[in-house]
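The sequence and structure come first.

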Amino acid sequence: MNKDRKLLIAGNWKMNKTVAEALDLVNGLKRELASVKEVDIVVCPPFTALESVSRAILDSNLRLGAQNMSEHNVGPYTGEIAAVMLKEFSVRYVILGHSERRQHQKETDDLIARKAAAAHAAALKPIICVGETLAERETNRTEQVLETQLRGSLAGLTREQMEETIIAYEPVWAIGTGRNATAEQAQAAHAFIRGLLARMFDAATARQVRIQYGGSVKPNNARELMEQPDVDGALVGGASLEVRSFSEIIKNSI
Ligand code: PEP
């Protein structure tokens, strides 16, 4: 697939996998994907498996991501994890503002912007998730919602930081439902997001930013989605939990 931007396909394991299970999964992925150079491949285990997975992928083409982090660097924030702690395990990416956290932990765009600033300060690349609900899509509010989320969550970033930021377009109605956005729907949303980034930053910056699609990506729909001109990868939930399906998504995307 011929695109200026290298595809970035990340697996969001969510609250799945003990350490032993995580090691089984990454060891299988290492075997299956050893020869893949065309895609940046990222796995995002739960915090408890970061250290073991980090060691297991040292000599591989897999990179490590976390699923969340604190906006703070240190201090009395019970249960929180700071960027510097993630860096100890060679974490390079961090998912921020996933819709599940927006919903269950009531994360706001302001908070996500502060976390993104903290991630950049630690040289972690944030993967910032945005996306509309079904009700918002059905009432033609998709672009308005995406614009509000992006203007809020990217507030304060410099152009250089924006280039090191990944956007994940994840329509909430497509996450874990088996109902993916069509390639046309994904392309339309991604083109809108890139246009908005050009207005917020500049055209050159917008051209650099990788925009992932997320929402029921599977081996049988990955190629069509990844072929779209503004789709630069995928954030994969359910199908990233098995060696076979995650590897096939990656191989089918090349
Ligand atoms: C996700 O949670 O980021 C996701 C896209 O999940 P799924 O692939 O299971 O829809």
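A salt bridge is a side-chain nitrogen of Lys or Arg within 4 Å of a carboxyl oxygen of Asp or Glu. This is a predicted model, in which local features need pLDDT of at least 70 and side-chain atom pairs count only at pLDDT 80 or more, while totals for chains, interfaces and linings use all residues. Residues are numbered from 1 along each chain as its sequence is written, and side-chain values use heavy atoms, with hydrogens and water left out.

**Salt bridges**

The structure holds 21 salt bridges. Among them are those of a network that links Arg5, Arg194, Asp230 and Asp232.

| Pair | N to O distance |
|---|---|
| Asp230 and Arg5 | 3.9 Å |
| Arg194 and Asp230 | 2.5 Å |
| Asp232 and Arg194 | 2.7 Å |

Asp232 sits in the loop between α11 and β8, and its partner Arg194 in helix α9, 38 residues apart; helices (H or I, at least four residues) and strands (E, at least two) are DSSP runs, numbered from the N terminus. Asp232 and Arg194 are both buried, where buried means under 20% relative accessible area, exposed over 50%, and partly exposed in between (1.4 Å probe, protein chains only).

Asp230 also pairs with Arg194 in a salt bridge. Arg194 counts as buried because its relative accessibility is 9%. Asp230 counts as buried at 13%.

The salt bridge between Asp230 and Arg5 links distant parts of the chain: Asp230 in the loop between α11 (219–226) and β8 (233–236), and Arg5 in the segment before β1 (7–12), 225 residues apart. Arg5 is buried, as is Asp230.

**Ligand surroundings**

The ligand is surrounded by 14 residues, of which Lys14, His98, Glu170, Gly176 and Ser216 are the closest; a residue is near if one of its heavy atoms lies within 4 Å. By class, this shell has 4 nonpolar, 8 polar and 2 charged residues.

A polar side-chain atom of Lys14 is 2.5 Å from a ligand oxygen. A polar backbone atom of Gly176 is 2.6 Å from a ligand oxygen. For Gly237, a backbone N or O atom lies 2.8 Å from an oxygen atom of the ligand. The protein covers 97% of the 300 Å² of accessible area that the ligand has on its own, by the Shrake-Rupley method with a 1.4 Å probe.

Terms used:
Polar contact = N/O pair within 3.5 Å; in protein donor to acceptor, adjacent residues only side chain to side chain. Nonpolar A, V, L, I, M, F, W, Y, C, P; charged D, E, K, R; others polar.
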